[in-house]
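Student: I am new to this structure and would like to go through it step by step. Could we begin with the display?

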Amino acid sequence: MTEIISVKQFFSLDFTLLVCFGYPLSLLEFLGTTSGLICVYLASRNHILTWPIGIFNSICFFFLFFQVQLYSDMLLQIYFFGSSVYGWWVWRKRIGAFIKIQSLGKRKNTLLLFSIFLGTLILGEVTSHFPIWFPNIFSKPPAFLYWDAFTTVASIFANLLLAQRKLESWFLWVFVDIVCIVLYALKEIPFVTAEYIVFLLIAFYGCYHWFREYKSSSLDSSIRGT
């Protein structure tokens, strides 16, 4: 019984690790935030440990978002868990080739925006029924229903576009991070909010760096064409 209680404490936001400037920082929020930052740093260094740490991060945030009623963000962690397992497997196999950064173009960008909008409506509608379908698990209604659904759907598309080295991925991450910062600040999880401020800065850097590489690659292609 003691072991079960300790596991529950570990995954509870009520289990305070320390009080920082009057804010009771839970062990779960601390581990989720720090593992997320380490994961992004290792990804920027092209290090394979980004994937197992990403798996741990998605587990922490799954339970964190459940407790603050951001159910779409909670479901997103299942996707991140699977993509981290896949990424770990791919990197260990060392498969894949370098792909130049490309843009989706006007038609595909329009389709992308429509898909995000439609996905947001569908996911928001589904998660709104969680307290009805599973009242024993979801005792509280979802918070910020459609904004939460937007960040989840947009994150999935941004992650897919990032893997395909599409320029629009980082612009999408900027919008996702801005919305997340507002949501997490309103839900009073300041360390996660601070983490996403760092993610936003990284996304701005990604926009700048990828756009420069895209323009340089396009210029080289036009010169060779002439």
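Predicted model: local features only at pLDDT ≥ 70, side-chain atom pairs only at ≥ 80, totals over all residues.

Student: How do you know that the length of helix α3 agrees with its number of residues?

Tutor: Helix α3 covers residues 50-67, which is 18 residues. The expected span is 1.5 Å times one less than the number of residues. That gives 26 Å for α3, and its end C-alpha atoms are 26 Å apart, so the two agree.

Student: Which residues of α3 are buried?

Tutor: They are Thr50, Gly54, Ile55, Asn57, Ser58, Cys60, Phe61, Leu64 and Phe65. To be called buried, a residue must have under 20% relative accessible area. As a general point, an α-helix has 3.6 residues a turn, so residues three or four places apart point the same way.

Student: What makes up the secondary structure of the protein chain?

Tutor: The protein chain has nine helices and two strands. From the N terminus, the order of elements is α-β-β-α-α-α-α-α-α-α-α. Of the 226 residues in the chain, 40% are buried. Its accessible surface is about 13,500 Å², with 69% of that belonging to carbon and sulfur atoms.

Student: Which residues form the nonpolar patch on the surface?

Tutor: The patch consists of Leu111, Phe114, Leu118, Ile122, Val126, Ile132, Trp133, Phe134 and Ile137, with about 890 Å² of accessible area together. Two elements, α5 (106-128) and α6 (130-133), each give two or more residues to the patch. The largest share, five residues, comes from α5.

Student: Why is Leu118 called partly exposed?

Tutor: Leu118 has a relative accessible area of 38%. Partly exposed lies between the cut-offs of under 20% for buried and over 50% for exposed. The value of 38% falls between them, so Leu118 is partly exposed. A patch residue needs over 30% relative accessible area, and Leu118 has 38%.

Student: Where is Leu118, and how many residues along the chain separate Leu118 from Val153?

Tutor: Leu118 lies in helix α5. Leu118 and Val153 are 35 residues apart along the chain, and their C-alpha atoms are separated by 9.4 Å.

Student: Where is Phe134, and why is Phe134 called partly exposed?

Tutor: Phe134 sits in the loop between α6 and α7 (145-163). Its relative accessible area is 39%.

Note on methods. Residues numbered from 1 in each chain as written. Heavy atoms only, no water. Helix = DSSP H or I, 4+ residues; strand = E, 2+ residues; numbered from the N terminus. Buried < 20%, exposed > 50% of the residue type's maximum accessible area, 1.4 Å probe, protein only. Patch = residues over 30% accessible without salt bridge, like charges linked within 9 Å, V, L, I, M, F, W, Y side chains within 5 Å. Areas by Shrake-Rupley, 256 points an atom, 1.4 Å probe, with all protein chains shown as cover. Salt bridge = Lys/Arg side-chain N within 4 Å of Asp/Glu carboxyl O.
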